[in-house]
Amino acid sequence: MKWILFFGWLGLIFSFSAQQGSDSLELSNRFAIWMKQFFSTFAWIPFDWEFLVRKLAHFGLYFVLGAFAYWVSPEESKNRKRRIFCAFLLCILYAAFDECHQLFVAGRDGKIMDVFLDGAGSFFGILIAYFIKRFLISRKTNL
């Protein structure tokens with residue numbers, strides 16, 4: 001089941017990247033309008049809400065990917081750092097592939113800064129997954 005979720009999430013990211021620039025912009029704008037309405041207290045601030053939506057999408061999608069990557073990476077109880085590193089490397093490689101893929105999609109371009117943002121999201125997703133696993137293990141042994 002965990003592999004289905006992992007590969008399904010990779011497919012979701014790929015499908016968003018395969019959207020033409022105009023379709024991607026339209027989707028981002030819809031979410032930006034929703035966010036502006038939701039955070040109406042701050043709506044008066046001259047801010048590029050569409051930019052925020054795009055960057056939060058990068059971070060959020062790769063946050064989940066990082067958690068899934070940690071979940072599917074081989075468990076080696078003696079070498080947690082290696083597991084974290086392998087999950088992070090997998091996410092970074094996919095982020096780089098994803099940005100390269102966008103170079104071939106009409107109206108899109110690949111950005112190295114997005115790879116860094118994807119990496120940050122992945123890193124935090126991996127850390128959260130790691131600490132949840134530690135918490136569950138410690139709770140299990142204390143019962």
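The scale here is simple: buried means under 20% relative accessible area, exposed means over 50%, and partly exposed is in between (1.4 Å probe, protein chains only). K111 also counts as partly exposed, at 38%. These two residues form a salt bridge, with the closest N and O atoms 3.1 Å apart. By salt bridge I mean a side-chain nitrogen of Lys or Arg within 4 Å of a carboxyl oxygen of Asp or Glu.

Quick housekeeping. This is a predicted model, so local features need pLDDT of at least 70 and side-chain atom pairs count only at pLDDT 80 or more, while totals for chains, interfaces and linings use all residues. Residues are numbered from 1 along each chain as its sequence is written, and side-chain values use heavy atoms, with hydrogens and water left out.

K55 is partly exposed because its relative accessibility is 21%, whereas D114 counts as buried at 5%.

Now zoom out. The protein chain has 5 helices and 0 strands, so what I call helices (H or I, at least four residues) and strands (E, at least two) are DSSP runs, numbered from the N terminus. The C-alpha atoms fill a box of roughly 50 × 40 × 25 Å along the principal axes. Of the 143 residues in the chain, 31% are buried.

Keep an eye on α3. Its 24 residues reach 34 Å from first C-alpha to last, close to the 34 Å expected at 1.5 Å a residue. That expected span is 1.5 Å times one less than the number of residues. The buried residues of α3 include W49, Y62, L65 and Y70.

What about the inside? In soluble globular proteins, nonpolar side chains tend to be buried together. Here the largest nonpolar core has 19 residues, and F6, I13, Y62, L65, Y70 and Y94 have the most contacts inside it. Two or more residues come from each of α1, α3, α4 and α5, and the largest share, 7 residues, comes from α3. A nonpolar core, by the way, is a set of buried Ala, Val, Leu, Ile, Met, Phe, Trp, Tyr and Cys residues joined through side-chain atoms within 4.5 Å.

Last stop, the largest pocket. A pocket is an open set of points on a 1 Å grid over the protein atoms alone, where a 1.4 Å probe fits, with protein on both sides within 12 Å along at least five of seven lines; lining residues have an atom within 4 Å of a point. The largest one holds about 620 Å³ of space. Which residues lie nearest its centre? They are S24, S28, V53, R54 and A57, out of 27 lining residues. Again α3 gives the largest share of the lining, 9 residues.

One more spot before I sit down: S73 is in the loop between α3 and α4. S73 is buried, because its relative accessible area is 9%. Its C-alpha is 8.4 Å from that of I84, 11 residues away along the chain.

Terms used. Points joined across faces, edges and corners; volume = space filled by probe spheres on them.
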